[in-house]
Amino acid sequence: MTELQKVLDGRWADVRDDVRAQLGELRLDPEQPTDDYRAEVSRAVAELARSGRPHRGFDPAYGGGGDVGGVVTAFQMLGYGDLSLLVKAGVQWGLFGGALQSLGTARHHDRYLRDTMDGTLLGCFAMTESGHGSDVQHLRTTATYDPATAEFVIHTPEPGARKDYIGGAAHDARMAAVFAQLVTGGKSHGVHCFLVPIRSESGEALPGVTITDCGRKAGLNGVDNGRLVFDSVRVPREALLNRYADVAEDGTYSSPIESESRRFFTMLGTLVRGRISVAGGAGTATQKALTLAIRYGATRRQFSDPATGEEVVVLDYLAHQRKLLPALAATYALHFAQEDLVARMHEQQRFDRVASPSDEGLQQELETRAAGIKAVGTWHATATIQTCREACGGAGYLSENQLPQLKADTDVFTTFEGDNTVLLQLVAKTLLSDYAKRVGHLGLAGKARFGASLVAGELAERTGARSVLTRGDVRDPDHQRRLFVEREEHLLGGLARRMRAALQPGADQFGVFNAAQDHLLEAARAHVDRIVFEAFADVVERTSDGPTRELLAQVLALHGLAVIEDRRAWFAEHGYLTRSRAKAVTEGLNELCATLRPRARELVDGFGIPETWLACPLLDGEHESPGTDPTSGRDDPADLTSVG
Ligand SMILES: Cc1cc2nc3c(=O)[nH]c(=O)nc-3n(C[C@H](O)[C@H](O)[C@H](O)COP(=O)(O)OP(=O)(O)OC[C@H]3O[C@@H](n4cnc5c(N)ncnc54)[C@H](O)[C@@H]3O)c2cc1C
């Protein structure tokens with residue numbers, strides 16, 4: 001194993017190696033008919049269960065391994081393989097198992113946890129409804145308590161309350177973790193989660209449950225997504241996952257968290273693992289696409305160099321390097337940000353963790369990071385996989401070369417586990433409230449003090465920072481980091497000032513917020529850019545001196561330059577980049593692309609993707625000898641008339 005792979009493999013290197021060994025045996029065929037593919041994925045899930053690996057993430061008291069970070073790392077490694085298998089495993093152990101573990105108590109764990117780990121109880125996670133996806137707080141399914149029988153009645157009151165897109169519901173799941181409005185004594189207490197059996201052992205829908213199939217999708221066709229409608233289905237009182245709230249036999253509702261909204265967000269927060277896993281899966285899929293495209297680009301030849309007569313390898317063209325190498329650098333940055341995120345989650349979700357007063361703040365920071373990295377990482381996946389497809393020309397479009405499948409399967413990652421736009425708004429709202437705490441006076445009580453002096457002080461600070469930043473070296477990661485910090489602070493400060501209008505008596509709060517939504521999203525984006533960059537910079541800092549550190553530092557600088565170039569208009573508009581500095585960014589980027597071109601193969605090999613998972617005709621060219629253009633000396637590489 002190379003030094004580079006060791007750095008990339010990080011803390012859970014043993015888990016990564018274990019999955020690499022296992023992956024070689026699990027190659028599925030997404031091209032087969034839907035039913036066959038689903039069956040094959042289900043068999044692979046059963047095989048995974050038999051291997052005992054999914055147990056790793058559960059409570060040791062129930063035979064689990066207590067290694068939350070390890071199981072998420074293992075999960076994301078499946079992204080090198082089959083993404084339907086990744087999602088199906090995610091539904092069973094991440095979403096269904098996660099809800100059971102995090103929202104349930106001993107009575108649920110004793111009864112269901114082992115079977116869930118073993119895959120003998122297959123579950124699904126039924127949150128989304130046809131009418132409400134992102135706005136989960138306003139789901140319409142009801143769970144009404146009946147004290148006469150000590151049961152909850154689960155009901156779909158209108159077509160929009162139908163559970164929709166639910167992974168595993170169409171064919172395999174026997175039980176659903178159903179999110180519904182809890183009603184007792186005629187009063188609603190908000191969304192809670194209930195375990196509801198939906199299918200018999202023999203596979204038929206249970207009485208009162210109507211199950212339909214979502215049918216073919218753009219990708220992930222090995223997953224059986226379905227719809228659920230409940231017609232007054234009765235479940236015992238104990239079906240409520242009651243870690244955060246309970247209903248006594250007489251119907252009395254109780255919860256240690258008084259505020260309905262806070263309780264709801266606390267419950268959702270415990271499910272953050274799913275979102276982190278999706279970000280990780282997007283990362284590995286992107287790494288695989290880049291590995292295919294860069295290896296292909298390093299052998300594919302088009303047009304010849306008139307001086308030598310030799311056909312040029314496409315990765316030697318600057319345009320091709322610009323397509324792939326900044327994307328590779330961003331993928332490195334996101335990989336390290338993900339590793340950091342998983343480590344934070346692991347510490348916070350340890351089964352032996354003793355509660356501490358700082359937990360709430362840490363949990364909120366984890367959720368904010370998870371939302372931001374999931375949004376930015378999955379958008380990066382969608383854009384990069386498309387770029388990789390194009391970088392492989394026509395060959396990239398053939399199913400046999402895997403890129404179309406990667407594109408189709410990862411597309412929806414931007415939507416599930418939280419729509420990206422909605423997630424970035426969550427990030428921005430947390431940033432705003434942290435900012436208000438920092439400046440101390442944005443809350444209603446102290447709003448009068450959030451006054452002119454503070455704003456003036458902040459503006460003076462910005463002006464000072466600007467004059468320093470227009471002088472530094474844009475290729476220096478320290479300087480790049482300062483630019484990122486400044487951008488975030490600037491956007492956030494401006495946003496906070498705009499939001500003050502919403503605090504005026506009688507203000508149109510929605511209107512103020514909506515008018516600044518683009519600003520809000522940009523601030524969130526700037527925050528994520530900064531934390532992702534810093535996660536990468538920390539890794540470089542920790543790597544011992546030597547060629548690996550040198551290489552990583554160059555990749556970091558490339559990433560920094562690429563982000564600055566992408567946001568060049570903003571930096572220039574706000575006085576952080578002079579015209580000459582802006583040109584230096586592009587020059588630096590081009591130079592670093594040329595410097596890293598000979599290291600491109602080494603950089604993708606660092607991901608350690610098993611060859612069996614990469615094997616496809618696209619890479620056959622690696623075994624052929626270099627071509628010489630028979631028309632050498634006559635062809636101009638820029639002569640587009642020879643485009644076929
Ligand atoms: C293949 C697949 C598998 C899935 N698996 C599951 C599962 O197992 N369990 C489950 O519960 N759910 C599942 N889902 C559902 C998924 O989580 C939802 O689709 C997702 O939360 C988005 O909800 P929506 O589809 O209602 O979109 P909407 O929320 O209606 O969003 C539509 C558009 O409106 C925009 N928008 C929404 N609100 C705002 C706002 N405030 N400001 C600006 N723009 C906004 C969004 O950005 C988006 O572009 C799955 C979905 C798919 C496609």
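Which helix does Ala 381 lie in? Ala 381 belongs to helix H10, which covers residues 359–391. Keep in mind as you look around that this is a predicted model. With a relative accessible area of 1%, Ala 381 is buried.

**A helix to look at**

Now jump to helix H17, residues 547–566. Helix H17 has 20 residues and reaches 29 Å from its first C-alpha to its last, close to the 28 Å expected at 1.5 Å a residue. Is H17 largely enclosed by the rest of the structure, or largely open? Of its 20 residues, 14 are buried, so H17 is largely enclosed by the rest of the structure.

**Charged pairs**

Side chains of opposite charge can pair when their charged atoms come close. How many salt bridges does a search of the whole structure find? The search finds 47.

| Salt bridge | Closest N and O atoms |
|---|---|
| Arg 53 with Asp 18 | 2.6 Å apart |
| Lys 163 with Glu 129 | 3.0 Å apart |
| Arg 525 with Asp 529 | 3.5 Å apart |

Start with Arg 53, which forms a salt bridge with Asp 18. This pair links distant parts of the chain, 35 residues apart: Arg 53 sits in the loop between helix H3 (34–51) and helix H4 (68–77), while Asp 18 is in helix H2 (residues 13–23). Arg 53 is partly exposed, with a relative accessible area of 26%, and Asp 18 is partly exposed too, with a relative accessible area of 26%.

Next come Lys 163 and Glu 129, joined by a salt bridge. Lys 163 lies in strand S4 (residues 163–167) and Glu 129 in the loop between strand S1 (123–126) and strand S2 (142–146), so this pair ties together parts that are 34 residues apart in sequence. Lys 163 is buried, at 0% relative accessible area, and Glu 129 also counts as buried, at 1%.

The pair of Arg 525 and Asp 529 sits within helix H16 (residues 517–542). Because they are four residues apart in that helix, Arg 525 and Asp 529 are separated by about one helical turn. Arg 525 counts as partly exposed at 22% relative accessibility, whereas Asp 529 is buried at 8%. Both residues are also part of a network of salt bridges that links Arg 487, Glu 522, Arg 525, Asp 529, Asp 566 and Arg 567.

**A negative patch**

Which residues form a negative surface patch? They are Asp 473, Asp 476, Asp 478, Asp 538 and Glu 541. One of them, Asp 473, is in the loop between helix H13 (452–469) and helix H14 (477–499). Asp 473 is partly exposed, with a relative accessible area of 42%.

**Two backbone angles**

Finally, check out Ala 150, which has a positive phi of about 55° although it is not a glycine. Ala 150 is found in the loop between S2 and strand S3 (151–155). At 19% relative accessible area, Ala 150 counts as buried, because the cut-off for buried is under 20%.

Leu 220 has a positive phi as well, about 50°, although it is not a glycine. Look for Leu 220 in the loop between strand S7 (209–213) and strand S8 (225–230). Leu 220 is buried, with a relative accessible area of 5%.

How values were computed:
Residues numbered from 1 in each chain as written. Predicted model: local features only at pLDDT ≥ 70, side-chain atom pairs only at ≥ 80, totals over all residues. Heavy atoms only, no water. Patch = residues over 30% accessible without salt bridge, like charges linked within 9 Å, V, L, I, M, F, W, Y side chains within 5 Å. Areas by Shrake-Rupley, 256 points an atom, 1.4 Å probe, with all protein chains shown as cover. Salt bridge = Lys/Arg side-chain N within 4 Å of Asp/Glu carboxyl O. Lys, Arg positive; Asp, Glu negative; His and termini not counted. Charge placed at Lys NZ, Arg CZ, Asp CG, Glu CD. Buried < 20%, exposed > 50% of the residue type's maximum accessible area, 1.4 Å probe, protein only. Expected span 1.5 Å × (residues − 1).
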